[in-house]
Amino acid sequence: MAGTRRRRKENTGPVPVRYYDYSLVAVLVFLVCFGLVMLYSTSAYTALIENDDSMYYFKRQILFCGAGFVIIYIVSRINYHWYIGKAKAIYFFSLFLMLLVKTPLGKEVNGARRWIRLPLGQQFQPSELAKIAVILFIPVVICKMGKEFRSLQGAAKTLAWGGVCAAAVLFLTDNLSTAVIVFGITYIVVAVAHPWTKAFLALAGTGVAGLVAFVLFFGSSLASSSDFRLRRLAVWLNPEQYADGLGYQTLQGLYAIGSGGFFGKGLGNSAQKMVIPEVQNDMILTVICEELGVFGVIVVLVLFGMLLYRILFIAQNAPDMYGTLVVTGIFAHIALQVFLNIAVVTKMIPNTGVTLPFISYGGTSVLFLMAEMGIVLGVSRTIKLSE
């Protein structure tokens, strides 16, 4: 009896409890629902003119969101270590799909050839897969390098993998903004994993400062360039001069932001949404500013802040290096995309066409973002807490 009591006493202690981040799920549901409401308010007029159905964009988006939550459930049940053996194949498959854009399977929309034709009139943007490809593959490269990664040469090799994928996005799908995001994800993951994090941050700061200096000194002379991206720099510096052309969308968006005040004109009462081109895509935040005011934008920023905080929490508590770096890559993707969209809308940077995650219209984008959230929740399921 004494021995039995002694063994029971020795076995008492902290009991590991499986963790699941329901807070992340709740924030995601609020964000998606808010996005659907604002998408309908933003796109109803445009959809009625283009498709004789004011709910055209809303109905398509809600189908994609519903499918996205199913994807979250399925992906979250997969052990994330399974991706280690498949990450390289996914990486090269994404390059192959982007190569198909240059074939007759490629589809041009609004002057940009970035999509692949699918059955039943659907389309697929392979550059979205490229984001997940680097998120899953770059951590594999880092983990397999081991001590070699700590050297400058090892970090350069890792960045080269991301650079190749970013170059494919740029030259095969002609999408500079997504190429920047793909390489940005790689750079952030490498900077976080490498012992010289401060050096990487200083290098990034120097690069941004150099780019700003270039634009300020040479931006006005780029208006006559044959490259539309360089012309955008001139438009960004002086949009009023191009009010009837490339600067039209930017100026109308700024008018919408300025007319909203603190509490806005009220849901559905935006006037600028009737004239801003592609307002349901990358300019949807301007309508939020006009209809809900500064208060509405604060709500959006708080929701994204909570989402990123939960992702960061999971990254910090992941049980191994691979899980931490994968979730860090997803954190970098969402943070970069949110920052770039807000910066474009507020004229901090030139127009890039980057959408606002979970809020802007776009089926491919929503599905892949939901898949990323499933991966994050899959990592969260492996976290063990002491009860």
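User: What volume does the second largest pocket have?
Analyst: This is a predicted model, where local features need pLDDT of at least 70, side-chain atom pairs count only at pLDDT 80 or more, and totals for chains, interfaces and linings use all residues. Residues are numbered from 1 along each chain as its sequence is written, and side-chain values use heavy atoms, with hydrogens and water left out. On a 1 Å grid over the protein atoms alone, a pocket is an open set of points with protein on both sides within 12 Å along at least five of seven lines; points are joined across faces, edges and corners, and a volume is the space filled by probe spheres set on them. For the second largest pocket, that volume is about 170 Å³.

User: Which helices each supply at least two residues of the lining of the second largest pocket?
Analyst: Lining residues have an atom within 4 Å of a point. Here they are Val75, Ile78, Trp82, Tyr83, Ile90, Leu129, Ile132, Leu136, Phe368, Ala371 and Ile375. Helices are DSSP runs (H or I, at least four residues), numbered from the N terminus. Those supplying at least two lining residues each are α4 (82–100), α5 (126–145) and α13 (363–380).

User: How do the residues of that pocket lining divide by class?
Analyst: Ala, Val, Leu, Ile, Met, Phe, Trp, Tyr, Cys and Pro count as nonpolar; Asp, Glu, Lys and Arg count as charged; the others, Gly among them, are polar. The lining of the second largest pocket divides into 11 nonpolar, no polar and no charged.

User: At what angle do α4 and α5 pack, and what is the hand of their crossing?
Analyst: Axes are lines fitted to C-alpha atoms over the stretch in contact, and angles run from 0 to 180 degrees between N-to-C directions. For α4 and α5 the axes lie 8 Å apart. A crossing is left-handed if the near helix is turned anticlockwise from the far one by less than a right angle, and right-handed if clockwise. The α4/α5 angle is about 150°, and the crossing is left-handed.

User: Why do α6 and α7 count as roughly antiparallel?
Analyst: Angles over 145 degrees count as roughly antiparallel, and those under 35 as roughly parallel. Helix α6 (residues 152–173) passes α7 (residues 176–193) with axes 8 Å apart, in a right-handed crossing. α6 and α7 are therefore roughly antiparallel, at an angle of about 165°.

User: What classes make up the contact of α6 with α7?
Analyst: Contact means heavy atoms within 4.5 Å. Residues including Gly162, Gly163 and Ala166 of α6 meet residues including Val182, Phe183 and Thr186 of α7. The classes are 12 nonpolar, five polar and no charged.

User: Are α10 and α11 roughly parallel or antiparallel?
Analyst: Helix α10 (residues 248–259) and helix α11 (residues 284–317) pack at about 25°, with axes 7 Å apart. Their crossing is left-handed. The two helices are therefore roughly parallel.

User: What volume does the largest cavity have?
Analyst: A cavity is a set of points where a 1.4 Å probe fits but cannot get out. The count comes to one cavity of 30 Å³ or more. Among the residues lining the largest cavity are Thr355, Pro357, Tyr361 and Leu369, and the lining divides into six nonpolar, four polar and no charged. The volume of the largest cavity is about 40 Å³.

Conventions: Parallel < 35°, antiparallel > 145°, perpendicular 65-115°, else oblique.
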